[in-house]
Amino acid sequence: MITEKKTETTEAKNVTVKVIRANKVKEGSYAFDMVANDINVYGCFLNQGNKKDGTEYSFIDFPSRKGKDGNYYNYVWFPITKAIRADIESQIEGLL
């Protein structure tokens, strides 16, 4: 049985992201479009907030569609590192 250690991949490190549009949806939630390595990705969301224990969280939702089974599935996705997420967050702040 082959097991893989979870690490940041070389592909994720070579992703160049430029946020081209950003709108505040509600407190801690932002809709944005981006260009990732010359591919337009529309309909992403950045969600930020605090957990019940007080720790902060931040995550990016990629565009998704509802399947026949009622679950939502991403139809665009690429690995997001902490550095890429921080870059996206700073670009969104700069556009607002």
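Among contacts in the protein chain between residues at least 6 apart in sequence, what percentage join residues at least 24 apart? The share is 30%. The model shown is predicted, and the tour below moves from the whole chain to single residues.

**The whole chain**

Begin with the complete protein chain in a cartoon view. The chain holds 2 helices and 6 strands, arranged along the sequence as α-β-β-β-β-β-β-α. Of the 96 residues, 29% count as buried.

Next, colour by pLDDT. The mean for the protein chain is 86, and 86% of its residues reach 70 or more. Residues 3-9 fall below 50, and this stretch has 4 contacts in the model beyond near neighbours in sequence. Where pLDDT is low, predicted coordinates should not be read in detail.

**The sheet**

Select β1 through β4. These 4 strands form an open, antiparallel sheet in the order β1-β2-β3-β4. Because β1 (17-26) and β4 (56-61) each have a single partner strand, they stand at the edges, and one side of each has no neighbour in the sheet. From one strand to the next, the twist averages 25 degrees.

Move on to β3 and β4. These strands run antiparallel and are joined by 6 bridges; Asn47 stands opposite Phe59 in β4. The hairpin that β3 and β4 form has 5 residues between the strands, and Gly54 in its turn has a positive phi of about 95 degrees.

In soluble globular proteins, nonpolar side chains tend to be buried together. Here the largest nonpolar core has 17 residues, and Val17, Phe32, Met34, Phe78, Ile88 and Ile92 have the most contacts inside it. Each of β1, β2, β3 and α2 supplies at least two residues of this core, with the largest share, 4 residues, coming from β2.

Centre the view on Phe32. Leaving aside residues up to four places away in sequence, its contacts include Val19, Arg21 and Ala22, then Gly43, Cys44, Phe45 and Leu46, and also Ile60, Ile88 and Ile92.

Finally, select Val17, which is placed in strand β1. Is Val17 buried or exposed? Its relative accessible area is 9%, so Val17 is buried, the cut-off for that term being under 20%. Beyond residues up to four places away in sequence, Val17 touches Met34, Val35 and Ala36, together with Phe78, Ile84, Asp87, Ile88 and Gln91. To finish, draw a distance from Val17 to Val35: these residues are 18 apart in sequence, yet their C-alpha atoms are 5.7 Å apart in space.

Key: Residues numbered from 1 in each chain as written. Predicted model: local features only at pLDDT ≥ 70, side-chain atom pairs only at ≥ 80, totals over all residues. Heavy atoms only, no water. Pairing = 2+ DSSP bridges. Axes fitted to C-alpha atoms, helices over the stretch in contact; angles between N-to-C directions. Core = buried A, V, L, I, M, F, W, Y, C linked by side-chain atoms within 4.5 Å. Buried < 20%, exposed > 50% of the residue type's maximum accessible area, 1.4 Å probe, protein only. Contact = heavy atoms within 4.5 Å. pLDDT = per-residue confidence, 0-100.
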